[in-house]
Amino acid sequence: MTEKKIQFSRQKVSLHFGGSFSQLKDLVPKKNTVLITDEHLFQLHSKKFGGWQTIVIKAGEQHKVQASVDHVINQLIDMKANRQTVLVGIGGGVITDLTGYIGSVFMRGIAFGFVPTSILAMVDASIGGKNGIDVGAYKNMVGCINQPNFLLYDASLLKTLPDGEWRNGFAEIIKHAAIRDLSMFRQLEKADLKFYQKDKDGLEKLIRRNALLKCSVVQEDEFEKNIRRLLNFGHTLAHAIETPYGLPHGHAVSIGMVFAAKLSEQRIGFKGAERLQRLIAQYGLPTHLDYDREQTFSLLTSDKKKEGADMNFVLLEKLGKAVIQKIELNTIYNYL
């Protein structure tokens, strides 16, 4: 296991790469640690949770809501949790989002860390300190930015990950390459999902590369005033179609990236839209969706990136370089 420490504004985060779940006991004291996971993961890895205080919630994005927060907090109170208690989220993006949010608000803030168990969580959701919940169809409408104490990476947990969740996570990897890393984009073009599923060393290197790429962007702009907004590439449309159409997050982002690439082509002369679309399809991800224009626009205009009559939209100048452009909402409506 190798450790990389990243200093953010209020918190130093330790990333433990090439680790094992069994090493969690070396990072946190069992007696005052509470693990938070979902039913699916608890059943798959029940032996790993032996001896740990564990709160189990229902699986799925539909449970990333206030009711789940209340459920966990009531159990923490029953367990007599206090300010010395440490929460550890074991799971994908839903679990890490919820755990970080609960850790940030319970008793006005206690320590928390993550053991991400999906590709998406390892390269994106668990990194950067964004924690929160959904409100109805509105993604991540309530939350905070607060960094975890640590992340423990155990690639063996991916063995039970369904193919659909592998594809889901690779959407965020493709996003990182498109906005910030042309050489990684080319590397991805030479491989496919099966290659990384078989090549453990290659996968671990790719996960580390993406985790550190996201950390570097967040370090520059932790509270999303400027450059961190680039990480929203594909997400503006994605957040408007994900919940209404029951799409996995990565699928929605893939469709959103294709839309943003075509928008980039028309507005700033981006030349790589077809190449990006090919790569997305190469990893088994969707590139389009027949959605209801009015409903989608209504949800899109409630996005946190809206400023008055404009939307801060992430476009591609070229592969490996993204820019932020204010676009009038009427213009986005016409493109939809």
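Biologist: In this predicted model, are K214 and D124 buried or exposed?
Modeller: Buried means under 20% relative accessible area. K214 and D124 both fall in that class. The answer for the two residues is buried.

Biologist: How many residues apart are K214 and D124, and how far is N from O in their salt bridge?
Modeller: K214 is in helix α9 (residues 200–220) and D124 is in helix α5, so the pair links distant parts of the chain, 90 residues apart. Their side chains meet in a salt bridge, with an N to O distance of 3.0 Å.

Biologist: Which other residue forms a salt bridge with D124?
Modeller: The partner lies in helix α6 (residues 163–180), while D124 lies in helix α5 (residues 119–125), so the pair ties together parts that are 51 residues apart in sequence. With the closest N and O atoms 3.6 Å apart, the residue is K175.

Biologist: Which residue pairs with E220 in a salt bridge?
Modeller: E220 lies in helix α9 and its partner in helix α6, so the pair ties together parts that are 40 residues apart in sequence. The closest N and O atoms are 2.7 Å apart, and the residue is R180.

Biologist: Which helix gives the most to the lining of the second largest pocket?
Modeller: This pocket has a volume of about 230 Å³. Of the 14 residues that line the pocket, V258, F259 and K262 are among the closest to its centre. The helix spans residues 249–268 and supplies 6 residues of the lining: α11.

Key: Residues are numbered from 1 along each chain as its sequence is written. This is a predicted model: local features need pLDDT of at least 70, side-chain atom pairs count only at pLDDT 80 or more; totals for chains, interfaces and linings use all residues. Side-chain values use heavy atoms; hydrogens and water are left out. On a 1 Å grid over the protein atoms alone, a cavity is a set of points where a 1.4 Å probe fits but cannot get out, and a pocket is an open set with protein on both sides within 12 Å along at least five of seven lines; lining residues have an atom within 4 Å of a point. Grid points are joined across faces, edges and corners, and a volume is the space filled by probe spheres set on the points. Helices (H or I, at least four residues) and strands (E, at least two) are DSSP runs, numbered from the N terminus. A salt bridge is a side-chain nitrogen of Lys or Arg within 4 Å of a carboxyl oxygen of Asp or Glu. Buried means under 20% relative accessible area, exposed over 50%, partly exposed in between (1.4 Å probe, protein chains only).
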